[in-house]
Amino acid sequence: MAMILGIESTAHTLSFGLVNEDGNALPSSSDLYTPEEGGIHPREAADHHSMIAGHLLQDLMDNNSLDSTDISAIAFSQGPGLGPCLRVGASIARGLSHSWDVPLVGVNHCVAHIEIGRNQTNCNDPVLLYVSGGNTQIIARKSGRYRVLGETLDIGIGNMLDKFARNHGMAFPGGPKIEALASDWLASDSTHTMDEISLPYAVQGMDLSFSGIMTAANQKVADGQPLEAVCWSLQEHAFAACIEVAERAMAHAGKNELLLGGGVACNARINEMAMIMCEERGATAYCPPKPFCVDNGTMIAELGRRMLSVSEATNLSDSAVSPGLRTDQTIVSWD
Ligand code: ATP
Ligand code: FE2
């Protein structure tokens with residue numbers, strides 16, 4: 001059966017993935033750029049993506065016994081993201097589309113997180129809590145767009161976790177390491193309350209803010225609180241803030257499904273909080289399997305498939321990358 005190939009290259013991850021024309025999703029072939037020290041350097045990440053691309057694509061095709069004649073369209077992340085990284089993915093997409101003579105479709109990365117979540121969980125009309133490195137948004141579909149009902153006013157929740165982790169000697173990605181330390185702390189004594197290691201609360205109306213909470217958490221460690229305890233409190237405060245805004249968004253928008261997406265959705269504690277909140281209001285929480293929470297090429301293929309079902313392919317002249325693309329700029333006319 002013909003397959004849509006998706007290419008993801010917005011930031012750290014280069015990934016190729018496939019869906020067939022019925023929307024059956026196959027695992028992606030991915031590789032993560034990890035800086036030797038400090039945060040992401042866009043040019044270095046882009047070099048990593050260029051170097052690894054040929055091997056990754058070959059692996060994907062070999063693992064699925066496919067050749068170029070099995071591919072019916074090429075989808076790529078057009079934005080938002082880091083310009084140099086996006087341009088690598090877009091160039092590969094244009095080249096493949098031209099040499100394999102198949103349509104090209106540029107997609108919105110944030111919307112792709114939503115559509116792979118709907119694909120994987122079969123939820124229909126959710127509020128999406130999109131918690132990744134660079135983005136933290138609460139989103140719902142209304143009048144042909146995915147509207148941003150709330151978002152971070154400064155850094156993404158994942159970047160906050162990564163930076164805090166880096167400050168305390170843990171390499172990227174920091175989120176899973178913080179999760180492990182927080183569990184250790186709970187396992188050591190589960191009677192702790194947030195008051196012991198209280199941090200600022202990140203909610204500002206329907207928006208969120210994470211830089212203050214990170215500074216305060218660093219200070220707690222400097223003051224001698226155990227790192228595990230601060231990791232636990234950091235998760236409790238940051239996740240509770242996201243869940244609170246998501247709950248209000250569900251109430252305002254009249255939706256009874258919550259979908260988690262983005263890399264931070266891999267965290268068991270934010271999933272637990274989402275489930276408890278939804279149970280209390282008679283709603284349902286959904287989360288796709290981890291490989292589809294983090295950035296992956298399959299989600300790009302899935303959104304490309306849905307877009308091609310209702311509209312034309314992207315012309316070469318419209319295929320420039322769009323680093324500042326917003327979730328609500330994309331017109332949503334598919335089911
Ligand atoms: P986007 O471009 O959408 O902002 P991204 O480049 O940040 O995405 P993702 O793969 O969606 O990439 O998310 C990566 C983030 O997810 C990192 O900040 C990482 O620390 C975080 N993360 C991954 N696993 C966990 C976990 N178990 N708990 C908390 N955070 C996690
Ligand atoms: Fe992402």
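Contact means heavy atoms within 4.5 Å of each other. Helices (H or I, at least four residues) and strands (E, at least two) are DSSP runs, numbered from the N terminus. The model is predicted: local features need pLDDT of at least 70, side-chain atom pairs count only at pLDDT 80 or more, and totals for chains, interfaces and linings use all residues. Residues are numbered from 1 along each chain as its sequence is written, chains are lettered from A and ligands numbered from 1 in the order in which they are written, and side-chain values use heavy atoms, with hydrogens and water left out.

Helix α4 spans residues 157-167. Its buried residues are Ile157, Gly158, Met160, Leu161, Asp162, Phe164 and Ala165. Here buried means under 20% relative accessible area, exposed means over 50%, and partly exposed lies in between (1.4 Å probe, protein chains only). The cover over these residues includes two strands, β6 (127-131) and β7 (136-142). It also includes the helices α5 (174-188), α6 (211-222) and α7 (227-253). Gly169 follows α4 and has a positive phi, near 85°. Pro173 lies in the loop between α4 and α5. The peptide bond from Phe172 to Pro173 is cis, with omega near -5°.

A cis peptide bond also joins Gly79 and Pro80, where omega is about -5°. Pro80 sits in the loop between β4 (71-79) and α2 (83-100).

Ser65 is one of them, with a phi of about 50°. Ser65 lies in the loop between α1 and β4. Its relative accessibility is 65%, so Ser65 counts as exposed. Asp101 has a positive phi of about 55° and is not a glycine either. The loop between α2 and β5 holds Asp101. Asp101 is exposed, because its relative accessible area is 70%.

Pro42 belongs to helix α1 (residues 42-63). With a relative accessible area of 29%, Pro42 is partly exposed. Residues up to four places away in sequence aside, Pro42 touches Leu82, Pro84 and Cys85. Pro42 and Cys85 are 43 residues apart in sequence. In space, their C-alpha atoms are 6.5 Å apart.

Asn296 occupies the loop between α9 (290-293) and α10 (297-310). Asn296 counts as buried because its relative accessibility is 1%. Neighbours within four places in sequence aside, Asn296 is in contact with Glu8, Ser15, Ser28 and Pro291. Its side chain makes polar contacts (pairs of N or O atoms within 3.5 Å; within protein, one must be able to donate a hydrogen and the other to accept it, and residues adjacent in sequence count only if both atoms are side-chain atoms). The side chain of Asn296 reaches the backbone oxygen of Pro291 at 3.5 Å. It reaches the backbone nitrogen of Thr298 at 3.2 Å.

A polar backbone atom of Gly133 is 2.6 Å from an oxygen atom of ligand 1. A backbone N or O atom of Asp295 lies 3.0 Å from a ligand oxygen atom. For Asn135, an N or O atom in the side chain is 3.1 Å from an oxygen atom of ligand 1.

Rolling a probe the size of a water molecule over the atoms shows where empty space is left. On a 1 Å grid over the protein atoms alone, a cavity is a set of points where a 1.4 Å probe fits but cannot get out. A pocket is an open set with protein on both sides within 12 Å along at least five of seven lines, and lining residues have an atom within 4 Å of a point. Grid points are joined across faces, edges and corners, and a volume is the space filled by probe spheres set on the points.

The search of the whole structure finds 1 cavity of 30 Å³ or more. The largest cavity holds about 30 Å³ of space. Its lining consists of Arg118, Asn124, Asp125, Pro126, Arg141 and Tyr146. By class, these are 2 nonpolar, 1 polar and 3 charged residues. Ala, Val, Leu, Ile, Met, Phe, Trp, Tyr, Cys and Pro count as nonpolar, Asp, Glu, Lys and Arg as charged, and the others, Gly among them, as polar.

The second largest pocket holds about 330 Å³. Two or more of its lining residues come from each of β5 (104-108) and α10. β5 gives the most, with 4 residues. The lining has 17 residues, and Gly106, Met307, Ser311, Thr330 and Ile331 lie nearest the pocket centre. It divides into 8 nonpolar, 8 polar and 1 charged residues.
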